[in-house]
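Trainee: I'd like to learn how to read a protein model, one feature at a time. Can we look at one together?

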Amino acid sequence: MRSYVNPFRARTSEQVAHQGLDRYLRSFGADALDLLPDELWDRLVLIRSAPGAGKTSLLRAVSAETLGVLDGRRHPHEELRERLRSMGVIDEHDVPAVLGFRVPLGRDFRAIVDLEPTDAAGRRTFLRLLDARIVGAFCEGVTHLVSVDEGSAAAAVSVEAHASGAAALERVGGSTVEGLRAWAVRTEEDVLDRLDAVLPRDDPADGHAALYSLRALSGATMCVNGEPSALRPLLLLDDGHELASSQRTMLLDALHDRELQLARWYTERYSAMEAEELVGDGEPWRNHVPVDLEREAQRMGTVTRRGGKTRQFAKLLADIAGRRASRPLAQYDGEDRNFVELLDVDDDGPVLAERAELAVATIRERLGHFDDDRSARYRAWFAGADKLRGVEAAQRWRELEIVIARDVERPELGLFEVELSEDERKSRSGSSIREAADLFLRREFGLPFYFGSERLSKLSAENIEQYLTLCADVFDEMLVGITLRRGAELSRARQDAALTAASEQFWQDIPARRVGGRGIQQLLRHIAKLCRAETYRPKAPYAPGVTGTALSMDDRKRLLDPSVRERTPGAQQLFEALGGAIGHNLLRAHTNRSVKNNLWMVLYLNRLTCVRYGLPLGYGGFRERPLEEMCRWMLDDVDDVTEAGVQETLNLV
């Protein structure tokens, strides 16, 4: 039997080999750069997200390694070139204008905390190693991006420091790239020898009192063979969440120096932030450009970047999926349709047709007492629904049931016999009610709801890795069809089943992958119970449904007060669970939402969690709760009532 590879299982941003860079460039969606603001060079750009939102991919797009590859290939990746030109990363002739050098923060730094005997010594050693890594990465970037006719780039390139940085430049190796690289290698080896020592070293570390590399490169001019170059350094610090808390604070303090004239980007996960920052207002007093990737993803399609309108985030996701899947689909099945086209199918199949027929008959019977000689009010509505067939008919009848439930309780209802027109039905319904009807049909009759490219992109919760994981599960189902010689096209029922299974796995992974995961799950169960109770009311008053709760901003202020948490049972557990859930993208927090003459912090469930509980996928409906009630949630758990996925028998004949 032929072996197939799932193209969504690989994470190209984490592959550093040349083949990995090629794959990264083929699969990277240039629209992702529209997540970044226009202000990129004058202040610290602080990029935050949950794991998998694309932080490292964004840094790689502007790295010297990537720009060097693009500079040598004039035709491929034109869309990426266009974005980089608009950002000022390359000039109008496609020549690199910045030298982006990436410094991963996930290796060795945290171990320094346990190495040195005092906090002061630990700080000095940390700054010295970080200086070495920054200088080493800068020199490596030079070799990727600068080409010379004779000799090596390291020998040809020098750094002319700004007056304020001349002394700092001498501390980290001098003005030549060869000298800088030699210092960086020697210094890193010295620090790593201390880390590798079996017994603690008694001799004091030769540490640094500040990050001299920042001052050395601030406002510096790069020269090639003695001639000034237009290249300007761009420091890319990645994965700040890997640092110890004290190291992170020290680094951010240094990066926020207002006198620095060095372009600098820094990324970290929300989990690096303290709970007070996550539940509170973060760092509004800091001098930086904040970039919350999930929030920026939600805004795409409604904002402009660098003079042009951005495309919706869903289009970016579809583009990424197509780049990964098009070649395997063509090779495995001769399929020339796009990955997302294979999800947007209309074939109901005999099983769904039978369920739809049962739904129509059942709902028709439930509404039977409105359809007799004494009541002509809904006759035109019923006649229109009777003309439909299959799933479409079931959807219309369930929609009518919701609209009629609302109509019969209208206080201004006059003569019951007045017949309502089709236009009246349309005015009283809408896309939100139709979506609620689809949810009700899934619960009552097993008709699929979680299918199609649009809902798949919503399930990503503005997280690229979450989207790729879901695509991988869906592609596995496509491979089953290919193996059975039925093609890659995926039925709605199979999509629903696959995404329901993915949602359950996502839920089961919470305790293993998140600190305090059990407490987070308890909080989410209470929120989900509230959402389900409101979503499935007969009149669907918050159509298409409720997917979150809210805490008043006054109550949030109280929760941030340690003295209030100390005297309120359950408050500390709630505070920690909220911080963990927001930090890991299990809850989406929107502060200062104005509703009912008050300001609220709205907390929405992750869209993938919504599948487990049979909830809609939009951000809209929520039901607020007081702080004391939320605190009680953390003292008493609730039964975990979920919605079963749509089942489909796979015919193997």
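Mentor: Helices (H or I, at least four residues) and strands (E, at least two) are DSSP runs, numbered from the N terminus. Keep in mind that this is a predicted model, where local features need pLDDT of at least 70, side-chain atom pairs count only at pLDDT 80 or more, and totals for chains, interfaces and linings use all residues. Residues are numbered from 1 along each chain as its sequence is written, and side-chain values use heavy atoms, with hydrogens and water left out.

Trainee: Which residue stands opposite Val224 in S5?

Mentor: In general, strands of a sheet pair through backbone hydrogen bonds, either parallel or antiparallel. Here, Glu227 in S5 is opposite Val224. S4 and S5 (residues 227–228) are antiparallel, with 2 bridges. They make a hairpin with 2 residues between them, and Asn225 in the turn has a positive phi of about 55°. S4 (residues 221–224) also pairs with S3 (residues 157–160), again in the antiparallel sense, over 4 bridges. There, Ser158 has Cys223 of S4 as its bridge partner.

Trainee: And what is the order of the strands in the open sheet?

Mentor: The 5 strands run S2-S6-S7-S1-S8, with parallel pairing. S2 (98–104) and S8 (288–292) are the edge strands, since each pairs on one side only. From one strand to the next, the twist averages 20°. For such angles, axes are lines fitted to C-alpha atoms, for helices over the stretch in contact, and angles run from 0 to 180 degrees between N-to-C directions. S1 (residues 44–49) and S8 are joined by 5 bridges in the parallel sense, and Val45 has Val289 in S8 as its bridge partner.

Trainee: Which helix packs on the sheet, touching S2 and S6?

Mentor: Contact means heavy atoms within 4.5 Å. Helix H6 (residues 119–145) touches S2 and S6 (232–238), and its direction makes about 135° with that of S2.

Trainee: How do I read aromatic pairs?

Mentor: Rings of Phe, Tyr and Trp (its six-membered ring) pair if their centres lie within 6.5 Å; planes under 30 degrees apart count as stacked, over 60 as edge-to-face and the rest as tilted. A search of the whole structure gives 15 aromatic pairs. Phe8 and Phe339 have ring centres 5.1 Å apart and planes at 50°, so this pair is tilted. Phe8 is in the segment before helix H1 (18–27) and Phe339 in the loop between H14 (313–333) and H15 (349–366), 331 residues apart.

Trainee: Is Phe8 buried or exposed?

Mentor: Buried means under 20% relative accessible area, exposed over 50%, partly exposed in between (1.4 Å probe, protein chains only). Phe8 has a relative accessible area of 0%, so it is buried. Phe339 is buried too, because its relative accessibility is 1%. Phe382 and Trp397 make another tilted pair, 5.3 Å centre to centre with 40° between the planes. Both Phe382 and Trp397 are buried.

Trainee: What about a charge over a ring?

Mentor: A charge sits over a ring if NZ of Lys or CZ of Arg is within 6 Å of the ring centre and within 35 degrees of the ring normal. Arg60 lies over the face of Tyr24, 4.7 Å from the ring centre.

Terms used. Two strands pair if DSSP finds at least two bridges between them.
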